[in-house]
Amino acid sequence: MRFHFLIALFILFFSIPCFADTLKLKDGRVKTGVYIRDEGIRIQVWQLLQEVGSPGFLTYPRSTVESYTIERGEEWDKKPNLPDLSVTFIEINPKLAGLHGRVSYDIFGRPKMQGSALIEDLGEDSYLFPERAARKLKLKYKEGELLTLTAHVKNVGFASSKPFRFQWILDGKVMKEEQFNRSLKEMEETTFSYKTPWREGEHYITARVVPQQAEIATINNSVTDPMWGFALVYVVHKGRVNAWHQNRTAYGTFSFEDFYRWHIEIMNLLFENSIYPSAPNGIKARVRLDRIVYADDVEKEVEKLVAPDGIRYDQGLWIWIDDQDRQKNWQPPTKEWRNQTEWSLPHELGHQLGLTDLYALDYDGDDYHTMPDTGEKVTHFMTRPLTMMHWHGPHLWSEVCAGYLNTSWDKPRGHFGDFYFAIPEENFLRIVDINGKGVPDARIEIFQRGAEVDKNAKPIERNGAVFYPVIEDGNFGKRVSKDPVITGKTDKNGVFRLLNRPVKEVRTLNGFHRKPNPFGNINVVGERGLMLVKVTKDEKPCYFWLEIFDFNVAYFRGHRNRFEMLLKTSYGSEDSPLAPIDVAVTKLDDNHVKVTWDLPPQKRSQHYLDRVIGFRVYRRISNDGLNDHPWFPVATLGPNAREVVLDLRSAPDELYWFSKVNRFAVASVGEHGLESGLVEVVLK
């Protein structure tokens, strides 16, 4: 009987499912008891714990995934009594110079290289001739130049390894193979070297371990690096590395190095898939992990990375340093942290490549510029927020990032945000009405973030518009200006030419040239890259935002000479039908409203321009600019309709970040689909 009890207990114990992850797919399927890795565009799934660390995962495009949850029990962190050979990184020598720490900015926001004996001080010419200033720096390899590659192999398992073979593979072909005839103890490291001439082009080098025994994982047995990739450096305290060795991470191994090298691979995966009209093949630039510096004193090791000539020979650096390191009291990372993708890291490494925080283009409004119907501030949330440099998360890089990196993939890193200088030569606003027709003689006033009009400077008039000089004091963090920086009127076709304002010119090694442009002395952080446009016709104002992002995208799409931005107002056309009157909205319950209206008496009996064949009802959410969240149609009705009930839950899946105020509007529809101007009302 005791025997049968033990058998039953054994069956019960091993039939209890382990805590593991759950994946919900959009087709209704649910995968439970699995182990998930999030790589942005795809979700990878190991179905069994025994499979973790192997290449035997299932891959689901993110577009097929509804959601997932991570929930792992103690068995996840159980340490197998096995070795685990990992290629942690491949170092390449000689190294190319970077510009990190060697670019400074004056009060006009002009970048200038300085601070090294290898960078010539040309005075004012340094701003316009950066190639001359940097001619002593080693920025590129010569064709055929001999490179030394060093692969670092570490046993990140919990038992000593047996001897193993090691291979160097160039573009898929084994170039060198050797036998390693001793074992590696737990956390012990060795290196392998290979010499090869530099060749132009997109070549990949692979360092591969061929183990002779079972291991915890096999996905870390090889690393494949783009040889043209930007060389990045990690600096970390040895104690932190040892703390990370105590638990398994989302990558699938017990290794700090594996987890954070994986994030480099994710960056490259997202580069490849960031495909846009201006980047039909994605982003050519790549990154690679060139060094991990294991430090006893992180801050001192970082200082040592600056060579005696004042140059750091890397293209980006990430440092792990906090009170744990300073107090030498390391704790393993939390289960929640290490079992998720650390999306903050690709974002922060993007800064090392010169990419900016696109959330600098968000704006919570000010008291000078308010909505005429509610008095609330006119706000702006970036129009492409779901991108890597706006938010940490599983996002692609934006089209601006793609254009920048495709232009400068072979240039040294160290400049920051100089892609903001990429603005077309001539720029225009086309102001159109509800029917897409130009709005003539509309008053234009343009206000700018990060600028303050200089009341002591004389305005300049040109081509029917006026621009007002701003105070140049190096402070680009100011609110949107109270006074306009540009004023004027649209022409007979509704077109307004954005004047090119004078600037202090500057060029960078990346090939970007800040010339006269509508934004003036645009700075590299981007605060001046946001302007508020107030369009007024018949005493009715409409607000729009101009993001530097849109001008940069136009430039990268090939519109280098001319760019025209379309701004659609709610005005009617001269041949529109009569607009409705007495428009009102009433809330019926939490989810429904009723919109009502009436039609004014016809002034011209039987006149086809006055004939109303129906009504179109619109809705708009937020206090953002009209081009941020435009009016969207919610109902089209016949000529006898005077009311409609609407469901508030039916709305575009937009991000209404600063405000969710609801507005409704009604337009009369005339022959050939021409609409009247919108008659608007706010839901209280």
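Let's start with helix α4 (residues 256-273) and helix α8 (residues 344-352), whose axes come within 10 Å and cross at roughly 70 degrees. Axes here are lines fitted to C-alpha atoms over the stretch in contact, with angles running from 0 to 180 degrees between N-to-C directions. That makes α4 roughly perpendicular to α8 (65 to 115 degrees). On the α4 side, Tyr260, His263, Ile264 and Met267 make the contact, meeting Leu345, Pro346, Leu349 and Gly350 of α8 (contact means heavy atoms within 4.5 Å).

A quick word on the model: it is predicted, so local features need pLDDT of at least 70 and side-chain atom pairs count only at pLDDT 80 or more, while totals for chains, interfaces and linings use all residues. Residues are numbered from 1 along each chain as its sequence is written, and side-chain values use heavy atoms, leaving out hydrogens and water.

Now over to helix α10 (residues 548-556), where eight of the nine residues are buried, so the helix is largely enclosed by the rest of the structure (buried means under 20% relative accessible area, with a 1.4 Å probe and protein chains only). Among the buried ones are Phe549, Val553 and Phe556. The cover includes α9, along with β18 (426-432), β23 (495-498), β27 (540-547) and β28 (562-568). Just after α10, glycine 558 takes a positive phi of about 105 degrees.

Cysteine 401 sits in helix α9 (residues 399-408). Cysteine 401 is buried too, with a relative accessible area of 1%. Leaving aside residues up to four places away in sequence, cysteine 401 touches Ile283, Leu355 and Met389. Its C-alpha atom is 9.5 Å from that of valine 553, 152 residues away along the chain.

Technical notes: Helices (H or I, at least four residues) and strands (E, at least two) are DSSP runs, numbered from the N terminus. Buried means under 20% relative accessible area, exposed over 50%, partly exposed in between (1.4 Å probe, protein chains only). Angles under 35 degrees count as roughly parallel, over 145 as roughly antiparallel, 65 to 115 as roughly perpendicular and the rest as oblique.
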